[in-house]
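Hi there,

Here is the structure I promised to send over. Have a look at it first, and my notes follow below.

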Amino acid sequence: MSYMSELAIDIQEAIEAGELTFAEIAAKYNVPLDWVVQVNEELAEQYAAEYDGQPDEAQEWYDFDPDC
């Protein structure tokens, strides 16, 4: 895997972890803040494409039986 691909994956994982701000992620990986924002936008698009608007299995079960 190329260095840039690995870097993008590392940035994505840092965003998903939610422990650092975008500025802190940029400083940690020594990249421009714009790169972190771009990875975040791509991640949001990916999540939006995967979301079909339907509840997951756990939510369906909760809706069926709220006591569980």
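The protein chain exposes about 5,400 Å², with carbon and sulfur atoms supplying 52% of that area (Shrake-Rupley method, 1.4 Å probe). Buried residues make up 15% of its 68 residues, where buried means under 20% relative accessible area, with a 1.4 Å probe and protein chains only.

Please keep in mind that this is a predicted model: local features need pLDDT of at least 70, side-chain atom pairs count only at pLDDT 80 or more, and totals for chains, interfaces and linings use all residues. Residues are numbered from 1 along each chain as its sequence is written, and side-chain values use heavy atoms, leaving out hydrogens and water.

The chain has four helices and zero strands (DSSP runs, H or I of at least four residues for helices and E of at least two for strands, numbered from the N terminus).

Helix H1 (residues 3-17) packs on helix H2 (residues 22-29) at an angle of about 145°, their axes 10 Å apart. Axes here are lines fitted to C-alpha atoms over the stretch in contact, and angles run from 0 to 180 degrees between N-to-C directions. Leu-7, Asp-10, Ile-11, Ala-14 and Ile-15 in H1 meet Phe-22, Ile-25 and Tyr-29 in H2 (contact means heavy atoms within 4.5 Å).

H2 also packs on helix H3 (residues 33-50), at about 115° and with axes 8 Å apart. On the H2 side are Phe-22, Ala-23, Ile-25 and Ala-26, which meet Leu-33, Val-36, Val-37 and Asn-40 in H3.

Best wishes

Key. Buried < 20%, exposed > 50% of the residue type's maximum accessible area, 1.4 Å probe, protein only.
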